[in-house]
Amino acid sequence: MTSILNTVDTSHEDLIHDAALDYYGLKLATCSSDRSVKIFDAQKNQKVLIEDLRKHEGPVWQVSWAHPMFGNYLASCSYDKKVIVWKEMNKWTPFYTYQGHESSVNTVCWAPCEYGLVFACGSSDGCISIVSLSGDGNWIARKIDNAHPTGCTSVSWAPAFPSDDQTESMFSAKRIVSGGCDNTVKIWREENGQWVLDQKLQGHSDWVREVAWSPNIIHNKTNIASCSQSGKVIIWSCDLSDTSNGALSIWKSKVLHEFNTVAWHVSWSLTSNMLAVSTGDNKVTIWKEDHLGKYECINDDKLGTL
């Protein structure tokens, strides 16, 4: 069973939409419909507010920490059509603002550190942007138009797969997964500097609320979790040891659980064998995978094993 170690009084004045710990678990970032992003010192039992950042002009939907090898960077996305990259320089200040979308930016996610300082974001305008910091200090944006024509709700990066001479062409391409209001999960691959559709995964009957690519390979598999408005949570698995599985082309799905309310968020542990799911009934369930590939809910006995 699991237990609550601590709670945080954020003093947000409206709904909290996201919370994220940095790489070392030392800082906590939160964002809210009150248009603010807050950063807390997470090392102490009483979480201390470090910064209250108020540059967005609408509800802030998501926050994402960059890898610390680049310094302390935090990205936030908002209904105001912007992504703001914040940098800690004695105090937290806006470092870069991306304004390449025509509607609400619903999701933002930093790439693995192997790719440099790069983030992806998705918007209600149906497009996905991949924005990178070049060596000369300029930000370069590439856009996937009509990625999800009715709106993109979530993006997540694939890990940087280890490669050698044999696997270089198969697995080393940069990939992201996205979910949208078209009820689909899509995998995108970078090819010759452009982003192309790699796979279209269908299994949801309602809006896909979030997707999450597992950060590590486990049991020779890479996994994607997706959750939807209908309450269905799906695990998509790709067997990397299958020699017939040429560039991550064969994906198998299994339904983790169908909740009686909307499933809002999915989040993998760093070891990739545990998945947290938050739902519209104000609950978070934690699912653990065993060596046979079966998932068991470890904090709610009523949900059992898949």
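These entries record what I looked up in a predicted model.

**Cysteines.** I searched the whole structure for disulfides and found 0. I then examined Cys31, which takes part in no disulfide; the nearest cysteine sulfur belongs to Cys77 and lies 7.2 Å away.

**Surface patch.** I next looked up a nonpolar surface patch of about 350 Å², to which Tyr23, Tyr24 and Leu26 contribute. I located Leu26 in the loop that runs between β1 (16-21) and β2 (27-32). Leu26 has a relative accessibility of 33% and so counts as partly exposed.

I followed the pairing from β21 onward. Strand β21 (residues 263-268) pairs with strand β22 (residues 274-279) in the antiparallel sense, over 5 bridges. Across this pairing, Trp268 stands opposite Leu275 in β22. The two strands, β21 and β22, form a hairpin with 5 residues between them, and Ser272 in the turn has a positive phi of about 70 degrees.

I then turned to the partner of β22 in strand β23 (residues 283-289): the two pair in the antiparallel sense over 6 bridges. Here Leu275 stands opposite Trp287 in β23. I recorded a hairpin of β22 and β23 with 3 residues between them; in its turn, Asn282 has a positive phi of about 65 degrees.

Note on methods: Residues are numbered from 1 along each chain as its sequence is written. This is a predicted model: local features need pLDDT of at least 70, side-chain atom pairs count only at pLDDT 80 or more; totals for chains, interfaces and linings use all residues. Side-chain values use heavy atoms; hydrogens and water are left out. A disulfide is a pair of cysteine sulfur atoms within 2.5 Å. Patches are made of residues with over 30% relative accessible area and no salt bridge: like charges are joined within 9 Å, nonpolar side chains (Val, Leu, Ile, Met, Phe, Trp, Tyr) within 5 Å. Accessible areas come from the Shrake-Rupley method with a 1.4 Å probe; for residues, only the protein chains shown count as cover. A salt bridge is a side-chain nitrogen of Lys or Arg within 4 Å of a carboxyl oxygen of Asp or Glu. Helices (H or I, at least four residues) and strands (E, at least two) are DSSP runs, numbered from the N terminus. Buried means under 20% relative accessible area, exposed over 50%, partly exposed in between (1.4 Å probe, protein chains only). Two strands pair if DSSP finds at least two bridges between them.
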